[in-house]
Amino acid sequence: MMRAGCYITAITPYSGPMAPVPGIEDYIVTSSAEIGIVQTERARQVIRDCAPIGYGGDIPLVSIGCAGLFAAVMRFADSPAHSARILALETPSDYVQHTLDSARLGAGGDGFVAQDAAHVLDLQKTPEGALARVDHCEILSRPSCFSGTSKLARSFVARLDALEAMCPDARVVTFENVSGYARRLMQAVLAELGPTARREFLQTVECDERHFMTVRPLLDLQHQMAEDTGRPLIVTCLGAGGRIGIFAVSPVHAPQPEPISEARPALEAMVIADGADTDLPAELWYMNRSFFGRENFYFEWRINGETFLCTN
């Protein structure tokens, strides 16, 4: 969970080399496909094209399945940097599809079809020139026990209650997708809400087997911000392994809410040794059951930016 808020200055779909934006201090990449994706030439080109002007520091690659964007936002918020660029990297789609198939989320499983996508999110810690303010961000995780889904649903509903108390009139984008687990979890959420509940969930842009992985929360955010209702927005997204990413976004000049007082686990990273396997992974880190049930947890690899960005 974030210790400090931050502001969104741009959400940009990748279409080629980015226009220079001076002063960006940090550069974070997130991908559901984990570190192996940087071995593909397409991914390497996108990372170079999106790098902030003059950037030469390490590039952390942050991943926890489709919830990686939330981990990247929290990582920046907890850092000393005043500004950051986050690249949600899900291209080339054939490599990402192989990882979905490996996790039994694609062929032979839920049937997701990876969409070739990459989006950039620019953040800073001051409101000048911002589009919106991120008031809260975290990743919930299903406990590793028989009743884990019910407990996750209870935790999710409690979090929505707290966020809606913090941000009155907030709209909530559903975490649902076409997977069987998403349906079971939503059934548990509705049961937790009870028959008299009046909460309505906004539909996500992801309404069929087409899967946008870490880019999905940005697409939902863009879609809802385009309506410009002036109301706070809570974006939720399901990640494999029983994880739900949540962030709450408000208009820039809305009154600053009091943070949620409930103690939650601090942001926790498992940093994995440098280097990427050129082969497709036999098992993705985020599908390793020993890491299930850990909230605000993610994996991180570090790319030598000075070497990587100068390599043609």
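A: Let's start with the count: the structure holds eight aromatic pairs. Rings of Phe, Tyr and Trp (for Trp, its six-membered ring) pair if their centres lie within 6.5 Å; planes under 30 degrees apart count as stacked, over 60 as edge-to-face, and the rest as tilted. One of the pairs is Trp 285 with Phe 299, which is tilted, with 5.6 Å centre to centre and 50° between the planes. Trp 285 lies in the loop between strand 13 (268-271) and strand 14 (297-303), while Phe 299 is in strand 14, so this pair ties together parts that are 14 residues apart in sequence. Strands (E, at least two residues) and helices (H or I, at least four) are DSSP runs, numbered from the N terminus.

A quick word on what you're looking at: this is a predicted model, where local features need pLDDT of at least 70 and side-chain atom pairs count only at pLDDT 80 or more, while totals for chains, interfaces and linings use all residues. Residues are numbered from 1 along each chain as its sequence is written, and side-chain values use heavy atoms, with hydrogens and water left out.

Now, how covered are these rings? Buried means under 20% relative accessible area, exposed means over 50%, and partly exposed is in between (1.4 Å probe, protein chains only). Trp 285 has 30% relative accessibility, so it counts as partly exposed. Phe 299, at 0%, counts as buried. Phe 299 also pairs with Phe 297, this time edge-to-face: 5.1 Å centre to centre, with 85° between the planes. Phe 297 is buried too, with a relative accessible area of 1%.

Put together, ring pairs link Trp 285, Phe 291, Phe 297 and Phe 299 into a cluster. Phe 297 has a charged neighbour as well: Arg 294 lies over its face, at 4.3 Å from the ring centre. A charge sits over a ring if NZ of Lys or CZ of Arg is within 6 Å of the ring centre and within 35 degrees of the ring normal. Elsewhere, the charged end of Lys 125 sits over the ring of Phe 76, 4.8 Å from its centre.

Stepping back to the whole chain, there are seven helices and 14 strands. Buried residues make up 57% of the 312 residues. Finally, the C-alpha atoms fill a box of roughly 60 × 50 × 35 Å, taken along the principal axes.
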